[in-house]
Each structure stands twice: as C-alpha cells, then as structure tokens.
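Look at the structure shown here, and keep it in view while reading.

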Amino acid sequence: MIKLIILLTIGISALYSSLFADENIVKRQEAMQVVRSSMKILGPMAMGQTDFDNSTAKETLADFLTAIKPYKNYFPEKPKDGQKTDASFEIWSNKPDFNEKIDNFVLAVETAANNKWEDAAAFKSDFMEIGNSCRSCHKKYRR
C-alpha cells in the first residue's frame, strides 16, 4: 500500500510539474503577443507612418508594461522535450544575464510610459530604446 501511495505521489508530482511548465509557456506566449500587438501600434506612430496619438501611446504602453513586468518569472525551469517554445535553453544556463536583459526591457517601457512627448519625433527615441532592448534579448535567447 505504501509503495502505491509513493508511486501515485510521484506520478501526481510529475503531472503537476508538467502542467505548471506548460502554464508558464502559455503565459510567456501571451505576454509576447501583447508585446507584438503593442509594437504594431507604437512602431508606426514612432516612425511617422500613422498619426501620433499621445493617449493611445500611453494606453498601449500601460498594457505592454502589465504584460512584461512578471515576464522573467515565467522561466522557472527548462521546458521538457516536446514542449513548444521559442525560448532558447541558454536562458537557464545564463539566468542572471537573461534577468538583467528583462529588467532593462521593463525599465525601457516604464521610462517611456512615464515620459511626456510633444510629437512622434519625441516619442521615437523612447520607442527605439524599447526596440533595442527587445532585440538584445531576442538575439541571444530566442530560438
């Protein structure tokens, strides 16, 4: 009976761990979807391809920030074989660097969200800082 309880406990723990890992992958993907959607709004405004709207920029940055603030917490353990993720395994090998890149990304979005702009030209430098921060992480930590 004790062996059965131990086996069930191990099985349930493994299942829970697997489900938890999947949940983090889903959270990462959802957060990156918000980032993609936000960049599609903010990019054209920063580049003068659409009219700059301060209110829309502020609202979009607020959503952006909400999505990415907890982002580094979505990487508690390496994904298991067969789990669909674009995250490089390098993240878990170099967690301090990865966390620093995420902190810099969050800081860039926070800075932009707190700035006041007169026009698209003023907003563009904040947007470029966000984009550069995005690229620095993707370049190293995305498959």
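Two residues are in contact when they have heavy atoms within 4.5 Å of each other. This is a predicted model, in which local features need pLDDT of at least 70 and side-chain atom pairs count only at pLDDT 80 or more, while totals for chains, interfaces and linings use all residues. Residues are numbered from 1 along each chain as its sequence is written, and side-chain values use heavy atoms, with hydrogens and water left out.

Begin with the overall fold. The protein has 5 helices and 0 strands, and its elements run α-α-α-α-α from the N terminus on. Helices (H or I, at least four residues) and strands (E, at least two) are DSSP runs, numbered from the N terminus. Of the 143 residues, 35% count as buried. Buried means under 20% relative accessible area, exposed means over 50%, and partly exposed is in between, with a 1.4 Å probe and protein chains only. Among contacts between residues at least 6 apart in sequence, 77% join residues at least 24 apart.

Leu42 lies in helix 1 and counts as buried because its relative accessible area is 0%. Leaving aside neighbours within four places in sequence, Leu42 is in contact with Ala57, Thr60, Leu61, Phe64, Phe123 and Phe127. One of these, Leu61, is 19 residues from Leu42 in sequence, and the two C-alpha atoms are 8.4 Å apart in space. Tyr74 is in the loop between helix 2 and helix 3. With a relative accessible area of 14%, Tyr74 is also buried. Which residues does Tyr74 touch, leaving aside its neighbours within four places in sequence? They are Asn24, Lys27, Arg28 and Ala31. The C-alpha atoms of Tyr74 and Ile25 are separated by 7.1 Å, although these residues are 49 apart along the chain.

Now turn to charged side chains. Lys and Arg count as positive and Asp and Glu as negative, while His and the chain ends are not counted. A salt bridge is a side-chain nitrogen of Lys or Arg within 4 Å of a carboxyl oxygen of Asp or Glu. The structure holds 5 salt bridges. One of them joins Lys27 and Glu23, with the closest N and O atoms 3.1 Å apart. Both residues lie in helix 1, 4 residues apart, which is about one turn of the helix. Lys27 counts as partly exposed because its relative accessibility is 31%, and Glu23 is partly exposed at 39%.

Another salt bridge is formed by Lys69 and Glu110, whose closest N and O atoms are 3.4 Å apart. This pair links distant parts of the chain: Lys69 is in the loop between helix 2 (54-68) and helix 3 (90-93), Glu110 is in helix 4, and 41 residues separate them. Glu110 has a relative accessibility of 24%, so Glu110 counts as partly exposed. Asp86 and Arg142 form a salt bridge too, the closest N and O atoms being 3.7 Å apart. Here again distant parts of the chain are linked, with Asp86 in the loop between helix 2 and helix 3 and Arg142 in the segment after helix 5, 56 residues apart. Asp86 is partly exposed at 41%, and Arg142 is partly exposed at 44%.

What does a buried charged residue have around it when there is no salt bridge? Asp126, in helix 5 (residues 120-141), is such a case: the nearest side chain of opposite charge, Lys58, is 7.0 Å away. The side chain of Asp126 instead has a polar contact of 2.8 Å with the side chain of Asn115. A polar contact is a pair of N or O atoms within 3.5 Å; within protein, one must be able to donate a hydrogen and the other to accept it, and residues adjacent in sequence count only if both atoms are side-chain atoms. Not counting residues up to four places away in sequence, Asp126 touches Ala112, Asn115 and Trp117.
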